[in-house]
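The questions below walk through a two-part picture step by step, for someone meeting it for the first time. Please look at the sequence and the model first, and then read on.

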Amino acid sequence: MSTAEVKGDEKQTKRLEQSNPDYDPNIVIEAQNLSKVYRDFWGRQKVRALKALDLEVRKGEVFGLLGPNGSGKSTTIKLLLGLLFPTGGRALVFGKDATEVTKNEKIGYLPEESYLYRFLTAEETLDFYGRLFDMPVKVRKERAKELIEKVGLTWAKRRQLREYSKGMVRRIGLAQALINDPDLILLDEPTSGLDPLGTREMKDMIVELKEQGKTVVMCSHLLADVQDVCDRIAILYQGELKELGRVDSLLKVSEETQVRFKNVPESAFDEIRDVIKKHGGDVLSMENPKTTLEELFLTIVRESKGVLAIGQNEPPIKCSR
Amino acid sequence: MTNIDGLNDQFMNFSQWLPGAIGIFLALVLALSLIGVFFGFLVATYRHGPGEGFYIVAQTIGQSIPDFFGTSPRRVMAIARLAVKESIRRRVVMVTFGVFALALLFGGWFMNSGTDHPDRVYVNFVSFGTQMLILLMGVLVASFSLPDDIKNKTIYTVVTKPVRATEIVIGRVVGFMLIGTTLLAIMGLLSYLFVIRGLAHTHQVVGETQSVLSLNDIDPATRLNQLGRRVSASAVKEGMTTFDDGHRHPIELIEDIRDPDSLPFNPENVVSKEVLPDGRIRYLRLIVEEVSGHTHNVKIDGQGDDARFTLSNSKGYFKARVPMYAQDLIFYDSTGAEKEGGINIGKEAQVRGYIDGGSYANRNTLSNAQFVFENFDAARFDNAEDLVLELTLGVFRSTKGDIQRRVLASMQFESIPDNPEIDSKFVSDKIIFETEEYRVQIRSIPRKQSGQLIDRDGNAKTGTFDLFDDFAANGKVKLIIRCEDQNQFLGMSRSDVYFRQSERSYGWNFFKAFVGIWAQMLIVVSIAVALSTFLSAPVTIVGTVVLIVIGFNSQFIRNMMEPENSGGGPIESFYRIVTQKNMEIDLEASVATTLLEQTDILLVKMLTSLTYIAPDFSSLNFSQLLSLGYSIRVDNIFVALLIALGFFVGFSVLGYFSLKTREIAK
């Protein structure tokens, strides 16, 4: 971020602090008693999608909204983006009402499916969204080039999106969400429709964004994905907040202890059991751990890709974990 | 009938029109804003209660101000570029252009060049075709774009950027207008070439030699040509051109004896020139008669009987006349009293006022029509020495009259002294002529007019006087038209009699006519984009088309709904149909009848006011002026552009509030 941009942000923060005394710059998202009722044309209640949600998302964290289908995750995201109007309560983003357009300056949004213009090429897509941020030509072009490289679509940047596979569209969707180098990124089912490789890349990207100090809010019903990347989660069920807290503390099983070691012969196992018994504990299991199917798959693909990528235009897969 | 219906707006001045138009616009904006706020408050109250409803309305209005003023041209252009790409890549433009190209390629086959005015057929074909295609394309692209974005949810990725609703609406209108303007420019250019090339033709003279030898002698007994028409008095030979493009022209070799100091002729038309013993010059000139609104120049190589004729390309089709209309038209009845609107001879009197030619009982009628011209200055005419007066006079006959000739009329110029009691008055001699009865007749009016100068004591001095320097020394002159046939009536309106000031470029006129289509396109696109913010694509199309149809026929619809019409308003008419009552018979006076009539009046008022929401496309349609060969006034273009701008602003505001207050997601 340039010095001018930092100064601009400081000014805006001051302005917000003056207009809203409760404004805390460390709180990026605030839902106060937020509720949403879907109605039909005549105003009759159809579904109560969200019931009095109170929530805060802090700066720099990866926050997950978890829940089964129809639990109100997407509704919450849409309310935060101003795509829906709340029936009750308030949704504040960067201290501003969610319906205010100016808040979008610092937001990136990846919808559940990448709703992009299929008649545009990847380059044109990013150029279009860059223009919507009033970005100067030079910055726009550089940023688009950088993002296309980042999502590994340089080889297909001049093809219309209608020729893209679902995974490719998802990647360019992510690129458009990042075109403005946002401070807050909202991801609606970010791994939906992606293959294991794409899923892994998406998760890597989320972690990378966190490392850059961005705030990420994602909603998903794929628990493993959320567990992998989120710092805090909120679990919704039928529009109600059921659980809220840090992932590590929520998942911690306090009464059990897991010890992993290697290069220990099986003859030593009985001694270990004895030591545990001596201290009044119970051994629940003692076995060789299994790798995950995801890890196995990625190893195979990585190795195959590493061989095939030599001399090809397609970028090799990047797996940082 | 060659008169232009609705040409009366030709008299309108931009500066006169503007204040009234701004007033109506502001009043409309105010009224619609109040209605919008009230309606918004009702909906918000129904959904959230009065307190919250009031807050929502206030918040929406509050947010609209920064939205209007913070609209970014760069973002507008980004949306516009997207709209352009969308139109191109969805092949809408290609299809529209393809249909147009096909129409041009094969349209010529079905146009009969042998009609009275093939130029009008060609111009009407291209202007109507272009207008319909452009408007249709505008409706389609604008109606589908936003609903498709909402349906496909692509709008999610746009509205979650710092894009204001104003930018989405205006950007789309600008984008579709960019594509439409480009297409219209191409279609306009092709149309122009199609008309010019389609009507270009030449003929040969019937006969083997293409010379005087191909012409026939005239039978002195009948003096008829081969078509059985009487040749002109000075014709010495006659002939005919070949039949091309659905017509042929009679040709006459006419004898023209002139003084040596008379004005020179077009040398191309002179076949031979001979000096007579008395010193005068005898010219033999070849004249190609005008047929279907055009004629041909003749190029003559050689002299006398060996001279060979070559007819040039058609000439006279493409006119852009600048008329000078009278500032006022005053009718006087048979007693000499001023009579507003002239004599009423029936329905036709709605268009034209009539004067009578006297009757057997009252032979000395004083009935006349006076056209008062102001700013009658020689500098305003291309050729002030020889003015061109064009008249289209209607005739109402109460007897068959003289079968050998048409109804006679006369014209006379008279000065309008600033102080009639002191100043002398110029009165020209009467010029009596046969009317053409509903057809344009063109008369040459020399600048020098023989007449009388009558002083305040009634003493008259005859002489030749200058139309500008004497008659119109104060810039004002009146043209008096009288009917010279007893028991017949002559009808005219202000637009029927005018001087042809000058001739403008036809290409420029063509361009102006297409500017009118452009203005219509802007209105249609604005309406469709605004409606598409809250309606689905099919409903938007239907809504826009309904508004277009009302716009093209607003006057007709208003007239049709008048309860004063035979049969009454809609309810009364329905009642008469059901009860099989004759529409001329009055209904029995009763409470039910009064109720029925009053309901009709209320209904008609509501429906009539609805027609004003639709744009009056007739004021933006200049194709009739173009096809009739009148120069389209720049004032009218400004008016059309401002009307279009007004609709654009109005519907953009509607689109903004509709988009702003709706939930984009479901």
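Q: What pLDDT does chain A average?
A: This is a predicted model, in which local features need pLDDT of at least 70, side-chain atom pairs count only at pLDDT 80 or more, and totals for chains, interfaces and linings use all residues. Residues are numbered from 1 along each chain as its sequence is written, and chains are lettered from A and ligands numbered from 1 in the order in which they are written. The pLDDT is the predictor's confidence in each residue, from 0 to 100; in chain A 88% of the residues score at least 70, and the average is 83.

Q: Over which residues of chain A is the pLDDT below 50?
A: This stretch still has 18 contacts in the model beyond near neighbours in sequence, where two residues are in contact if their C-beta atoms, placed from the backbone, lie within 7 Å. The stretch with a pLDDT below 50 covers residues 309-321.

Q: How many strands does chain A have?
A: Helices (H or I, at least four residues) and strands (E, at least two) are DSSP runs, numbered from the N terminus. Of the 321 residues of chain A, 36% count as buried, a residue being buried if 20 or more other C-beta atoms lie within 10 Å of its own, exposed if 12 or fewer, and partly exposed in between, with C-beta atoms placed from the backbone. Chain A has 10 helices, and its strands number 10.

Q: In what order do the six strands of the open sheet in chain A stand?
A: The pairing in this sheet is mixed, and two strands pair if DSSP finds at least two bridges between them. Strand 6 and strand 10 (240-246) are the edge strands, each pairing on one side only, and neighbouring strands are turned by 15 degrees against each other on average, direction ignored. The order is 6-7-8-3-9-10.

Q: Which residue of strand 7 of chain A is the bridge partner of Tyr109(A)?
A: Strand 6 (residues 107-110) of chain A is covered on both faces, with Ile107(A) and Tyr109(A) buried on one side and Gly108(A) and Leu110(A) buried on the other. Strand 6 pairs with strand 7 (residues 184-188) in the parallel sense over four bridges. Within this pairing Gly108(A) stands opposite Ile185(A), while the partner of Tyr109(A) is Leu186(A).

Q: What angle does the direction of helix 6 of chain A make with that of strand 8 of chain A?
A: Helix 6 (residues 196-211) of chain A has 16 residues and reaches 23 Å from its first C-alpha to its last, close to the 22 Å expected at 1.5 Å a residue, the expected span being 1.5 Å times one less than the number of residues. Among its buried residues are Thr199(A), Met202(A) and Ile206(A). Helix 6 packs on the sheet, touching strand 3 (62-66), strand 7 and strand 8 (215-220) of chain A. With axes as lines fitted to C-alpha atoms, for helices over the stretch in contact, and angles running from 0 to 180 degrees between N-to-C directions, the angle with strand 8 is about 150 degrees.

Q: How many strands does chain B have?
A: The C-alpha trace of chain B spans about 105 × 65 × 55 Å along its principal axes, and 35% of its 666 residues count as buried. Residues 24 or more positions apart account for 73% of the contacts in chain B with a separation of 6 or more. Chain B has 15 helices, and its strands number 22.

Q: Which residue stands opposite Arg397(B) in strand 21 of chain B?
A: Three strands of chain B form an open antiparallel sheet in the order 10-21-13. Strand 10 (353-356) and strand 13 (394-397) each have a single partner strand, so one side of each is left without a neighbour in the sheet. Strand 13 and strand 21 (residues 488-492) pair over four bridges, and opposite Arg397(B) stands Gln488(B).

Q: Is Ala200(B) buried or exposed?
A: Ala200(B) lies in the loop between helix 7 (165-199) and strand 1 (216-217) of chain B. Leaving aside neighbours within four places in sequence, Ala200(B) is in contact with Asn313(B) and Ser314(B). Because Ala200(B) has 11 C-beta neighbours inside 10 Å, it counts as exposed.

Q: Which helix of chain B supplies the largest share of the side that touches chain A?
A: The contact takes 26 residues from chain B and 25 residues from chain A. Helix 1 (14-48), helix 3 (73-89) and helix 6 (154-159) of chain B each supply at least two residues of the side of chain B that touches chain A. The largest share, seven residues, comes from helix 3.
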